[in-house]
Amino acid sequence: MGKKAGQIKISQCMIVKNEEQNIRQALSWGKGVVYEQIVVDTGSTDNTVQIAEEMGAKVYHFEWCDDFSAAKNYAIEQASGDWIAFLDADEYFSERDARRIPGILKKIENMSLKSGRIHIMRAAWMHLDDDGKVFSAGQQDRIFRNIKGLRYKNRVHEVLTLSNSQLPRYSLTDLSIMHTGYMKSISTEKGNRNIPLLKKSVEEDPENYDLWSYLGESYAGSDQAEEAIKSMEHVIEHVAENITAPDASSNTPIKISEDRLFAAFAVWFSAVSFLPDEVISSYEIQAHRYYDIFTKTGKLFPDVEFYMGRFLIRIGKQDEAVHFLELALEKLELYKGSASLKLSGRLDFVYNLLRLCYEQHRDAAKCVYYGTLSLRVNRYQEDTLTALTSLLQGDPNTTAEQAYDFLAKLYNFANIKDKLFVLKASMTLGYSQLGEVIRLNMTDEERAWLDGGKNTEPQ
């Protein structure tokens with residue numbers, strides 16, 4: 001792939017096993033950007049190796065030993081670049097972001113000359129669902145210097161370390177790693193793969209609460225709610241024992257990283273909120289105790305309030321739920337952390353929960369407010385649109401023309417799809433006046449198509 005004079009050499013590295021579905025995309029982003037592509041195979045039985053070789057990657061083989069760090073460190077040993085981009089096979093940069101990386105690293109090199117050596121470039125981490133939409137975001141360390149001693153540790157959920165040294169980072173929130181590994185179609189498989197490794201790890205290091213948190217998260221990803229709850233309770237009780245009180249002179253430090261602490265509380269509340277009806281109410285006192293423990297940590301992580309609100313809805317405490325859900329939205333505005341947030345990708349869901357809660361209180365203004373917010377996030381929600389249109393229909397001070405003008409701020413009525421979507425809601429409600437206004441604002445071609453005069457949908 002070559003290197004021009006003065007350019008920074010980037011080695012793209014990855015470890016793989018049976019990734020024939022992902023390997024092309026995983027290698028494609030680096031073409032024309034990186035100096036070399038190194039693929040370490042840990043025992044593929046499909047066409048992964050063949051595809052990687054055809055694409056020009058240097059392929060090495062590593063005998064699997066139940067240790068992701070060992071395999072990744074082997075890959076690093078094969079790299080000759082100045083910097084290493086170590087993405088998994090289910091991760092990639094967009095073409096635009098990939099082209100930016102060499103210039104960013106050059107900037108980091110210049111900054112290091114002035115203000116001290118920066119070893120890692122931290123990027124945004126965007127989790128995609130089965131529809132290819134971002135449902136959660138965080139930050140990850142995936143690009144780092146190729147220097148002696150900078151290596152991974154942990155059998156699974158490996159992290160970069162530099163022996164006896166700090167790891168100064170340069171964070172870029174507008175450079176995004178796209179991650180497909182949390183798609184429902186494969187997340188359960190990943191969880192099942194990681195659980196035995198994590199169980200072995202906590203047996204070897206029982207006071208490593210980061211690993212306990214990862215174990216609970218893997219149980220949750222594999223739909224093993226009871227085991228997830230137990231693992232996270234083990235972590236939270238450790239936190240409870242070691243929280244520094246305001247007037248305490250000395251306390252044992254909490255042995256857990258911030259993002260793993262966040263995950264422990266969020267996963268516990270999430271897992272509990274999905275328990276069967278006959279069980280869930282028994283967790284109410286514990287839920288309030290755990291939320292109190294979380295607040296005493298002094299940390300800000302709005303997913304905790306989000307899942308607490310969802311739990312309270314499940315046990316019929318709507319008024320309390322509204323408080324926590326609205327608090328989650330307030331805290332989302334303040335959150336500046338790097339841990340992955342589910343709330344940011346579920347805003348339409350949260351707004352709808354609040355709309356339904358206020359609907360029970362017959363607060364039409366709040367229903368319209370949160371219904372509107374939900375449709376701004378995702379306008380193709382039939383139930384939400386129907387509920388909002390019903391409120392407009394029932395308001396004696398709102399004419400059909402005014403309802404149309406209001407909905408025109410949410411929908412692109414130059415698009416026949418949007419017109420038909422709103423027309424369907426009006427027909428469902430028997431709101432004929434609104435339906436007539438929509439028809440009047442259609443083109444002759446659109447009306448002819450709607451009335452069956454043409455066979456092809458108008459553009």
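This short talk concerns the aromatic rings of the structure shown above.

The model is predicted, so local features need pLDDT of at least 70 and side-chain atom pairs count only at pLDDT 80 or more, while totals for chains, interfaces and linings use all residues. Residues are numbered from 1 along each chain as its sequence is written, and side-chain values use heavy atoms, with hydrogens and water left out.

The structure holds 22 aromatic pairs; rings of Phe, Tyr and Trp (its six-membered ring) pair if their centres lie within 6.5 Å, and planes under 30 degrees apart count as stacked, over 60 as edge-to-face and the rest as tilted.

One of these pairs is Y291 with F324, edge-to-face at 4.9 Å centre to centre and 90° between the planes. Y291 belongs to helix α10 (residues 284–296) and F324 to helix α12 (residues 318–334), so the pair ties together parts 33 residues apart in sequence. Helices here are DSSP runs of H or I, at least four residues, numbered from the N terminus. Both Y291 and F324 are buried, where buried means under 20% relative accessible area, exposed over 50% and partly exposed in between, with a 1.4 Å probe and protein chains only.

I turn to F306 and F349. Their ring centres are 6.3 Å apart with planes at 80°, so this pair is edge-to-face. F306 lies in helix α11 (residues 303–314) and F349 in helix α13 (residues 347–360), so parts 43 residues apart in sequence are tied together. F306, at 1% relative accessibility, counts as buried, whereas F349, at 26%, counts as partly exposed.

Finally, F262, F265, F294, F301 and Y335 form one aromatic cluster.

Notes: Helix = DSSP H or I, 4+ residues; strand = E, 2+ residues; numbered from the N terminus.
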